[in-house]
Structures are given as structure tokens and as C-alpha cells.
Amino acid sequence: MAENIFELTPDVDIAEEIRPKSFSLIAFQQFIRNGRALLGMAVLLVLVLAAIFADQISPYDPYKTNYANVKQPPSGEHFIGTDELGRDSFSRLIYGARVSLMIGVLVSAFSTTVGVALGVVAGFFGGTVDMVIMRLVDIIMSFPLLVLAIALVAVFGPSLNNLMAALGFVYWVVFTRLVRGMVLSLRETEYIVGAKAIGATDFAIIFNHILPNVFPVVVVLASFSVAEAILAAAALSYLGLGAQPPTAEWGSMLSNAKELMRILPVMSIAPGVAIMITVLSINFIGDALRDALDPTLRN
Amino acid sequence: MNLKTVLIYAALVVVLSLSLAPAAADGHCPQEGGTFTIGVDTFLPMDPNTAAHDWTFYAITNINSMLFRIESGQPVGDLAESWDISEDGTVYTWHIRPGMMWHDGNEIFPEGESREVTAHDVVYSIYRQYDDESSIMAADLRNLFVSAEATDDHTVVLTLSGPDAIIYDKARGLTFTAIVAQEAIEHYGDDYGLNPLGSGPFEFVSYSPDEEVVLRANEDYYIDPCLDEVIFRVMPDVPAAMIALEAGDIDWWGAVTPGDDVGRFLDNEDMTVINFGCPVATRLYMSVDKPPFDDVRFRKALSHMKDGNAINAALRGPTHVKGAGTAGPGVAGYVEGLYDEYHSYDPELAMSLLDELGIVDSDGDGWREMDGELLEIPMFAWNSDPAPDYVAATVDAGAQVGLKIRPEIADPGTNNARRNDGEWGIYLGQGWCGEGGTNALWGRNGWISTLGYVDEEIFTLLDQSAQNLDEESREAQLQAATTRIAAIYFEPAFGFFNIFTVKNNYVKDFFGGEWTLNLVTDDHNVWINEDER
Amino acid sequence: MIPLVFGVTTATFALIHLIPGDPVELMMSNARQLTQEEIHRIRDKLGLNDPLPVQYVRYLTNLLKGDMGISVRSRSDVSYEIMQRLPDTIILTVTSICLVLVLALPIGIVSALKRGTWIDTAAMTFALFGVSIPAFWFGIMLMLIFGLYLDWLPTVGQGKTPIEFARSLILPSVTLSLILLGLVTRVARSSMLEVLSLDYVRTARAKGLGAKWVNFRHALPNALIPILTIVSGQFAALLGGAVVIEKVFGWPGIGRLAVDAIFARDYLVVTNTVLVFALMVIVVNLATDILYTYIDPRIRFQ
């Protein structure tokens, strides 16, 4: 079995090809030449700005109920109508960007940190530590990840924090497997063997030689995991395991809208499209990063 | 009378006669054959001892005969042609219809080798439920049960230790004692629920879990069913089911229809919306044995701080019914005007009540404190629509009067567990249908007793009414219970909602809306008009 | 493998019992309103009042005898519940995988061959669209469009005749295939690119073999290996996706059974379903290893 599920095949070549300055430079040039990546960056920038300045730009308070004005169709006053409690759906959509982006970034940050750390430890030190970590990885990987996440959220009770914790717990294994595989092959390379021979500490080897080499691959995977986390969070929220009301969150907005689908389809379409655009722009970026950072694909 | 009025009346007469004309009371079907596909959201194996789910009972009540069915809220004969009740209401004598045969052409009874259903089968079925401690025979009945005897092949005498006023009740009466064949139970053992066998209008054909149950007409039934086939199709996702209903993939949605869809189907001339006739209340329960909930003024404040009626109307759409109390309009024990008396929207009053209790905002952060500490109340609810919306609305209303409410939504299991632990906080809750429901909720050992809802006077009133066969004084006892519950518990109410089911109009002579699903009775015989499909 | 299976079942058993809630209470519905006393009686009969270690040992000993126990919710054998639904899930996932391969391979290969052209850009953008759509949402949109507005396909459930069955399989499998489509298209493209740049393919071309011949005879089999790897690697993810899709489309599979059982606290059903999931993943991985050797005889078991 190949170790990683993503296509970046970690092998010795990477280590040999990486010559720091020129590599980053070429990668950067390649990245900014990618039209989709720039588009993704632009859209993401807009979303991030919307999330940061939600208080300033949203036309209404996203939590303000108005029972005299519920389930309104789109109009000049309410761009995408109002929901079942008379709250302005557009304002909720803007605030939703905040929550979704936060979920994506935090889950990805958590699983990257934990996953890389454990992967390096397992791969570099081997032995019992490796065995324990990899058995845990195997067990987690035998679950359909969504089922495990559902069970975990059910144990701790649905909330935004628990949702993120559950997703983080489920996703780190992907990084660990990948990084461990890379470290295993890096460990045997001449310059690491050499570094050991001249008495470099493990700590120094990890920080000076291993981490810089796994970094490009991890960055790519991390960017995809942001996208995946947002999608998974939406699915869990759709099942009623997401943020607590009245939090404006895209997945729970979709879940709320499903009963109104036939009367107010825009309530279902808008959050769905918002999720799609966000995830798509992140994927554009991740894709371009992969093209730029993966030497095997370079011309 | 002007022309317009005349026209409207004329149209009404035409519509009425059209809708009544095809009724097949004489056993003649306007159109024979056809498949009736019923959409339900869950379905479980069909053993009456264990099946706890409503829609499963829809199938059981067509496969098995019951002693009686419920039609328009009244008991009508089924396996029992008629019955007498002794003066004191403790002895029921059931007269079994002769010539009712067990379904044949199966593992137990090969084609043409069936036998008649007798009084002994009825006695066997009753004891099977009674002897199985874990069967879902209602405690009310179990506690009164003395004996069941077959005095001859067609007479069953059921003796109780006291009168049972809710023996006909949908939720907790004898309706759930489906008559089963001993041969089938012994042959299949624990797998009986997968191979049910009865003497009802439809025979069991096949069961695929989470998918469908197929029944076909029983030609030996004492009325010839117009339908050939009945299919129960399991559809866990309600919005998807609504699409299926509209697309004609199912003919009747037999479970609760969301309010907004009801509104849409009311405007759809191809669909008929059927009222189940049992409004369900949405209200707040709380741990009434713990401060500050133990003070009625606090409960009053919670009630008056929110515009319950407006919230309920927004969330329930056309199924909304204004009102409060343990019983809804049309249900025994209903008291009018409770909403206006106890739950009207009055945030000023709510604030002054809180001030009076010493729950005030002394540090000026906009939130009230109790004993010098921020009062943050968890609000527990389950996680399916529209519960989270009620929570959002309550949190919002609390904020208006400076009361901090923290939403705690979880799946139903976790939510129940919190209630069973009597966790401190407020709970979104629903009432239960019918008198049996009132008993199971507020009565001794009731569903919410763990939260401290324990009042001897209410228990006594409910116990008495459950054994009172005199309609009038029973109604008075139930109303007294409703009033006392409202006055001492002050359970903050939003309002009621009606349970509606929806059918396509090509399903004829079908009235739905009962716990026993009546497809073939003396007065109705459901048929499908294939030309309209 | 056995320690893994043991670890998975133990972890699941512990996890599901950590969730607060009572299965008997959850069986209750409007029709059957149980009091606390009635609930306790039923729990006793089902052995739910026993201490957890006792229940766990009972579960394990029964499992070794081939008995998965009884479902609290349906009171029938768990093995029956699972076997009734397993074929449906297999049909759904296998159809989705086939759909993915049928769509992703040509798209990926063509965009590799036409690298840098607008075809490549369009194909890759399409692939990314696929992985960016919430699948459950896409499913409902498909249902609205093809089931209701156009009325071409059944919305939910399963058809009974083979043709109806195939028709009812279309929407759920298309929705499910979306989860993998983008990823596999990408892999198909990049592994094709990689293979095309290899020496022996270049040599074949230099020898004057026709470009088409080279692509199919030499390049394709080698490009298949990473694709196989990713499909089998993502099999668990596909099962996870099936959970939500089965729910939306009323497809009677084990994914839906698992989630329903989690919410119903149907302990033995959850534990055993996860066990079956784990076994399926193991089987798929083994099958992949065998397939490798067929595609590329140089790969041998070690």
C-alpha cells in the first residue's frame, strides 16, 4: 500500500531537488502566474474582509428577530429575504463567513500541528512510539471519518468548539501518515546521516533538515484540509450537530432552510453557494500551491 | 341572498356530493385494484409487544385485527362486532365476529388451510402482552387488569379491578393489543415482528428494513378491500419526502407535515390536508424544585417576557393554534383562555417580576444577576426543526429583559438524559396528545417528574378521571387538572400546533387522522382513482 | 489485523456508551407514551441495566460465537439488520466508484494530453467544482431539478424492478460520486503527466510508435496505479459520505443505519456496524493490493 492518499509522492528526490532560494522563487512565480489561484485569493480576501468587518457591512443585526416580517422573499430591503424568525438572511450570510472560515482555519491548524508533530516523532524515532502512534492512526482510519465525528460530537454535546475538536481529532491522522512516510525516507538520506555523524542533535536535525523538507507538502495538504473541514462542518451542522442557535453558520442555515426549500428556495441556495464559493477558492489556491511546490510537476 | 352567495353554495353542494358519491359503503368499489403508497419517517418490526412507533402501528392495524378501531375519535367494531360494559365499568364482554379467518398461503397456514379467529386467540394475545413484563402494554391498563376469559368461541370477558376511562385512548388504551395467532408466535419466536400474521384487511408480503413494507389485500376479510396493495415507504428526510409526495412517488404522507408545507399543500388543488385532530402544545419546562425556578414569579417572568403566540405563529405557519394548557382545543380537559390569562406578552411585567425577586442588573453590563452573580440559564432542546428556532427566539426575548439564556441544543437522547438527571435549567418541551398523554406527562411517575413536577392534587385528579366513566364529571376533573397545572406550574407556553397529514386527491374515501389506520371499515373502503393519477 | 478489529470495536463500544441518553426512552413516540417505571422494566429485560463491563464481555463472547446481539430499537438480530442493508451500500458505493472512473479517467487523461490548453483548464476547474460542493446540498438540488421539476427520476427510495432500481440509483450515486470525482480526475491527470515524462514512454515515442498507441499501451496501465491507490484510500471517506447521502435519498444502507443507531443509542448496532465498516476497508485494501499485481506484474507481495 502506498502511504499517502494525496498525490504528492514523497521520495528522496524532493530532498535533493530542494535548493532553498531558487525553489521558493520559482514556486512563487509559478503560483502567481496561475489565474485560478489569483481568483481564489481575491475571493478569499473579500470573504475574509467580510468576516472581519461583518459588523460594519451587514445591513441588519443578524440576530434581530421580527415576527411580523418572517419568510420574506428577496427584496430591495432584504437582498435574499428573511428567515423563519424574520432575521435578515443576507446579514446572517455575512456573519456566517466568520464562523465557516474560523472552523476551516482552526481545524486545519490543529490537525496540521498535531499531525505533523506526531508524524515526525513516529517517523524519526520509530520503535514503540511509532507503533503506538500508527496503531492509533489505523484505528481512527478504519472509521468512516464522518461517522466518528458524529459520534464524538454526540459524546461531548453539539457546539462550535466541540465540532471543531471532533473534526481536528479526525483529520490529524492524514497528516501523520503522510509526514511519517516522508520522514522515513528522509532519515536515510546522506545529508541527514551525515548530520548525525557530525553529532547534530535530533532536535536540530528535525528543525534544520526534516521540517523544511516536509513543509511544502504539508502546506498543500493543509490548504486542502481547510476546504474539507468547512464541508464536513456543514454536513454535521446539517445533521443538527453544529453551532448553537442563534449563531449564524452556513451549515445550520442550510439545515434551517430545508423545510422552506419549496417556498423560499433562495434560503437553501444562498448558503450552499456561499459554501461552494469559499471552498472552491480555497481549493484553487491549494491546487496552485501544489503545482508550484511539487517539483515533479514542474516543466 | 345575492347571486354570488348562491353560486358559492351551489359549488359547495356539487363538491360535497362529488366527494361523498364514491363512498363504497355497500362494499362496491368504483375502481378495483391499485397500490396505495404511504410515506412514513421510521418503521420497525411489527410485533405489537415491542413496536413502540406510531407508523409501525399503521401497518399492524391493517395486518392484525384489533378488538375495535378508532374512527372519528370513537371506537367502532373490528374483530369484536359489539361489546357490553357492566354497570360499574369493570367487566367488558366482547362479541367476536364469526367467520374471521387467519391469513393463509404462508408458512403457518397453507393456502385454504386457515382457521377461524376465536375468543381464545383474543385471550392469548391479551395475556401475551400482560405476561411480558417488558411489553409496551400501558401501565394504566396493566394496573387494572384482573383477567381475560373466553366463555365460548365467540365471547371474551375482560375483567378489570376498576373502571378504565382511557381504555379507548389512542395513546394508552387497548387499541394497541393487536390480535396475534399463537401458531405464528411459536413458530417465529423473536422473529415474529419480521413475519407478522393476522386476520386484518391486508396480508403481510415483505419487509425490507429502512426501506418498505408491502401488504396485499386479504380477500377473505369480511369486507373486500378495494386496494390491491399497500406499501409503507420509509423516508427519513422530511423535505425529500415532501418532494416525493408532490411528485406522486408517495400517495399519502402519514407522519407530521411541517407547517410551511401544509400552507403550500393547502393551496395545491391536487392535495388534501388532513387534520389529525389532536393539537400539540409547545412550552417550557424547568427544574421547578431548584431556585430561581421554584418561585412562581420567576416562571411568570419567563412566560411574559416572550411573545409566545407570535413566535408560534411564525414557526408553525398554518398549523399554529393559539392557546395554552395541557390539553388543546378539541381534547378532553381543554380550558379556554389560558393563554391570555397566563402567558400574554408583557415584557414590562416580566422585568418588574424579576426586579421583585432581586434578580437585577447591578453592575450595569446589561445582564441581570442573582445573589451577586451573573444569572446564566441553560436552555435545553433537541436539535431538529423547529426546536432550535424556539430556542433562538427565547434567547432573544431573554436578552430584551436582561436575562442571559445559554442555548444547549443536543440530539434527543442527550436532551432526555439531561432532563432525567434533573439538570438545572429550562427545557423546551412538547405536550402529548390525548388524555393518556396528559397522564403520562403530568401524572404519577410522569415523564417530567424528574424535574420536580410532583403535585398530589394533580395526581389525584388525573387518577380519578382515568377511572371515571361519567363524561361530564370526568371533563370537569380534567379541566380542574388543566387549570391547576397552569396556575401552579405556570409552564410558559408558546401555543399549539395541529398535526396534519397530506394525501394526493386521487386517493379516495380516505380520512386518515387516527392512530389505527382505517383503510377498510364498515363505512370506508379506500380506493385509488387511477385516471386522476 | 485482529488487534485492529479488536481496537476498533472496543473504541466504538466505549465511545457510544459515553453518549448520554437511554435507548428505551428514545423508542417512545406520540403513540406510546411510557412512564419512567415502564422504561425501567424494558431496560431490565434487554440487559441494559447491567454494568458496562458485563455488557461488553457478553458482547464479545457472543460475537465470537457469531452472534451480534439484538437491536434495542427493532428487537431483531443486529446481523439481520446489517445484512439487509449491506448490499444496498455496496451497490451504491460501487456504482459511484464506477461513475467516478468512467468520468474521471477520460477527463484526466485528455487534460494531461492537452496540458496547458483551455481544455485542461476547464477540466481542472470542473474537477475542483466537484470537491467544493456540499454533497448533501447538491443531492437535494438534484432531487428538486430531476425529481420534481423535470420529473425524470424518482426522488427517494428504491425501485423494485431492475429498471426502476437502476433509475432510483442514479441520483444518489451521482451525488456520492462527487466526493471522489475531483480528486480522481486530478490524480488521473498528474499520474498521466508523470508517466508521459518517463523514459520508456519517451523512448517508445522516439521509436516512432503512434502517439495514441503509446498513450494507451504504455502510459495508461502505469497511470492507473496511483488512481487505484487513491480510490481505495478514499473508500472510508466514501462510506462516510454515504451516511448523509443515504439519509437524504432514503437509501436503505448501513451508513444511515449507523447514524440512526448513534442517535437511537442502539449500542450493539453501532458497534457492529463500525466493525463491518472496518472489515470492508480492510477487504478493499487487500483487493487493491491484488489488483496492483495484475496491472503491474513487477509489483509482488512481500
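**Close-up 1. The left-handed crossing of helices α10(A) and α12(A)**. In this predicted model, helix α10 (residues 202–238) of chain A crosses helix α12 (residues 265–293) of chain A in a left-handed sense. The axes of α10(A) and α12(A) lie 9 Å apart and form an angle of about 165°; since angles over 145 degrees count as roughly antiparallel, the two helices are therefore roughly antiparallel to each other.

**Close-up 2. Residues at the contact of α10(A) with α12(A)**. On the α10(A) side, the residues that take part include Pro216(A), Val219(A), Val220(A), Phe224(A), Ile230(A) and Leu231(A), and among those they meet in α12(A) are Ile275(A), Val279(A), Ile282(A), Asn283(A), Leu289(A) and Arg290(A). Sorted by class, this contact of α10(A) with α12(A) consists of 15 nonpolar, four polar and one charged residues.

**Close-up 3. The contact between chain A and chain C**. Here 36 residues of chain A are in contact with 43 residues of chain C. On the side of chain A that touches chain C, at least two residues each are supplied by α6 (127–142), α7 (145–156), α10 and α12 of chain A, and the largest share, eight residues, comes from α12(A). The residues on this side of chain A comprise 27 nonpolar, four polar and five charged.

**Close-up 4. The contact between chain B and chain C**. Chain B brings 51 residues to this contact and chain C brings 47 residues. Two or more residues of the side of chain B that touches chain C come from each of α2 (54–63), β10 (229–234), α6 (238–247), α13 (412–420) and α14 (434–442) of chain B, with α6(B) giving the most, seven residues. By class, this side of chain B has 25 nonpolar, 13 polar and 13 charged residues.

**Close-up 5. An open sheet of six strands in chain B**. The strands of this sheet in chain B follow the order β14-β20-β13-β19-β17-β18, and their pairing is mixed. At the edges are β14 (320–321) and β18 (404–410) of chain B, each of which pairs on one side only. Within the sheet, strand β13 (residues 280–286) of chain B runs antiparallel to strand β20 (residues 493–497) of chain B, and four bridges join them; Ala281(B), for example, has Phe496(B) in β20(B) as its bridge partner.

Methods. Residues are numbered from 1 along each chain as its sequence is written. Chains are lettered from A and ligands numbered from 1 in the order in which they are written. This is a predicted model: local features need pLDDT of at least 70, side-chain atom pairs count only at pLDDT 80 or more; totals for chains, interfaces and linings use all residues. Axes are lines fitted to C-alpha atoms, for helices over the stretch in contact, and angles run from 0 to 180 degrees between N-to-C directions. Angles under 35 degrees count as roughly parallel, over 145 as roughly antiparallel, 65 to 115 as roughly perpendicular and the rest as oblique. A crossing is left-handed if the near helix is turned anticlockwise from the far one by less than a right angle, and right-handed if clockwise. Two residues are in contact if their C-beta atoms, placed from the backbone, lie within 7 Å. Ala, Val, Leu, Ile, Met, Phe, Trp, Tyr, Cys and Pro count as nonpolar, Asp, Glu, Lys and Arg as charged, and the others, Gly among them, as polar. Two strands pair if DSSP finds at least two bridges between them.
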